[in-house]
Amino acid sequence: MTNDIAPAAARPAAGNTPPEAVLTVRDLNVVYRTDPPVHAVKDVSLTLNRGEILGLAGESGCGKSTLAYAVNRLHEWPAEVTSGSVTFHDRDGGDLDLLALRDEELRRFRWAKLSMVFQGAMSALNPVISVRAQLEDVLTTHRPGMSRQERRERCAEVLRLVGVEPRRMHSFPHELSGGMRQRVMIAMALLLDPQVMIMDEPTTALDVLVQRGILREILRLRDRLGFAVVFITHDLPLLLELSDRIAVMLRGEIVEYDTAETIHRRPRHPYTRTLLDSFPSLTGDRGAFLRTGAAARSDAPGEEDAR
Ligand SMILES: Nc1ncnc2c1ncn2[C@@H]1O[C@H](COP(=O)(O)OP(=O)(O)OP(=O)(O)O)[C@@H](O)[C@H]1O
């Protein structure tokens with residue numbers, strides 16, 4: 001492992017502006033009401049700052065997805081939030097208690113303020129509805145005042161942002177490669193200019209080159225558009241490259257929470273050290289390609305995974 005990682009948490013807060021929270025999770029507990037019950041998220045507290053990438057790491061089954069779903073109120077019975085709070089600090093001012101939002105408020109909130117990208121784009125996208133129709137549907141629902149022309153233009157714009165040629169909007173998801181579909185999912189998550197994106201293993205199923213291209217794109221977009229990201233993966237070394245801060249989760253609890261720099265140089269918890277040592281490097285020298293752009297241009301946006 002190399003020591004050339006960029007100073008974590010240095011990038012989002014340009015100048016001397018102190019970090020400003022966009023999402024605060026306090027003492028969150030989630031239990032699956034099964035027999036026996038599973039206490040999947042235990043007293044989790046996290047703060048996501050505006051524009052930062054917060055990595056959430058931990059092995060399969062530690063509760064990462066349960067936490068992400070609960071934050072966005074996407075959890076379903078038998079999962080139940082038993083205590084805690086999730087507060088969204090809107091850039092327009094005002095705090096929203098997400099756990100208290102009624103259905104209609106929640107519907108308006110999701111995608112517009114906070115969007116989510118899941119691992120399997122194929123399960124999130126409808127394979128038999130064109131990309132354009134699915135993107136436009138989000139706009140029709142959330143921006144009813146937009147004209148047809150404006151909707152088309154916005155769809156083309158977000159596809160371009162994620163490195164997909166706008167002509168691809170006429171395709172159906174099943175006609176696209178896995179990487180392309182993930183890019184379309186990211187485009188959809190960007191449509192309404194959200195302040196937070198939760199990405200749950202968005203590139204895990206993809207091969208390494210395609211992963212690299214997409215991860216780079218996420219960094220570029222974050223720098224350009226300023227949204228904050230909760231990036232979930234079991235690949236802690238990958239998070240070292242991508243994240244500003246990292247939370248390490250073990251059996252439902254956050255056992256270490258610090259800047260990527262500190263976790264890289266001075267991991268305190270034995271489990272963090274195990275995760276760092278045991279995971280094979282997918283990306284070569286850590287920190288080499290994502291932040292510095294040192295990789296070959298073969299991972300140029302949208303081309304590597306074109307069919
Ligand atoms: N529907 C369910 N009913 C009962 N227990 C569940 C259910 N879904 C998840 N769990 C349990 O909750 C715990 C946390 O699971 P979760 O899927 O959140 O972990 P994860 O870290 O996201 O894992 P992965 O990386 O494999 O998705 C696990 O013990 C899991 O078995």
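Student: What makes the length of helix H6 close to the expected one?
Tutor: This is a predicted model. In it, H6 covers residues 178–190 and has 13 residues.

Student: Why is H6 called largely enclosed by the rest of the structure?
Tutor: A residue is buried if 20 or more other C-beta atoms lie within 10 Å of its own. In H6, 12 of the 13 residues are buried, so the helix counts as largely enclosed. Among the buried ones are Gly179, Arg181, Gln182, Arg183, Ile186 and Leu190.

Student: Which strands does H6 lie across, and at what angle?
Tutor: H6 lies across E6 and E7. To E6 it runs at about 175 degrees. Angles are taken between N-to-C directions and run from 0 to 180 degrees.

Student: Why is E7 called largely enclosed?
Tutor: Five of the five residues of strand E7 are buried, so the strand is largely enclosed by the rest of the structure. Val196, Ile198 and Asp200 point one way, while Met197 and Met199 point the other way. Both groups are buried.

Student: How do you know that E7 pairs with E6 and with E8?
Tutor: A pair needs at least two bridges. E6 and E7 share four bridges, in the parallel sense. E7 and E8 are joined by five, also running parallel. Methionine 197 in E7 stands opposite serine 115. Methionine 197 also stands opposite valine 229 in E8.

Student: What makes the pairing of the six-strand sheet mixed?
Tutor: The open sheet has the order E6-E7-E8-E3-E9-E10, and its pairing is mixed. E6 and E7 pair in the parallel sense. E9 and E10 run antiparallel, joined by six bridges.

Student: Why do E6 and E10 stand at the edges?
Tutor: Strand E6 (114–117) and E10 each have a single partner strand, so one side of each is left without a neighbour in the sheet. From one strand to the next, the twist of this sheet averages 15 degrees.

Student: What is the order of the four-strand sheet, and which strands are its edges?
Tutor: The order is E2-E1-E4-E5, an open sheet with antiparallel pairing. E2 and strand E5 (95–97) are the edges, as each pairs on one side only. The twist averages 5 degrees from one strand to the next.

Student: How do you know that E4 pairs with E1 and with E5?
Tutor: At least two bridges are required. E1 and E4 have eight, antiparallel. Asparagine 29 has serine 83 in E4 as its bridge partner. Strand E4 (residues 79–89) and E5 have three, also in the antiparallel sense. Phenylalanine 88 is bridged to leucine 96 in E5. Histidine 89 stands opposite aspartate 95 in E5. The hairpin of E4 and E5 has five residues between the strands, and glycine 93 takes a positive phi near 95 degrees there.

Student: Where does helix H1 pack?
Tutor: H1 packs on the four-strand sheet, touching strand E1 (21–32), E2 and E4. The direction of H1 makes about 60 degrees with that of E2. H1 also lies across strand E3 (53–57), strand E7 (196–200), strand E8 (228–233) and E9. To E7, H1 runs at about 150 degrees.

Student: How many residues surround the ligand, and which element gives the most?
Tutor: The shell has 14 residues, with Tyr32, Ala40, Ser60, Ser65 and Thr66 the closest. Strand E2 (38–49) and helix H1 (64–71) are the elements that give two or more. H1 gives the most, with three residues.

Student: What kinds of residue make up the shell around the ligand?
Tutor: The shell divides into five nonpolar, eight polar and one charged.

Conventions: Residues are numbered from 1 along each chain as its sequence is written. This is a predicted model: local features need pLDDT of at least 70, side-chain atom pairs count only at pLDDT 80 or more; totals for chains, interfaces and linings use all residues. A residue is near a molecule or strand if its C-beta atom, placed from the backbone, lies within 6 Å of it. Ala, Val, Leu, Ile, Met, Phe, Trp, Tyr, Cys and Pro count as nonpolar, Asp, Glu, Lys and Arg as charged, and the others, Gly among them, as polar. The expected span of a helix is 1.5 Å times one less than its number of residues. Two residues are in contact if their C-beta atoms, placed from the backbone, lie within 7 Å.
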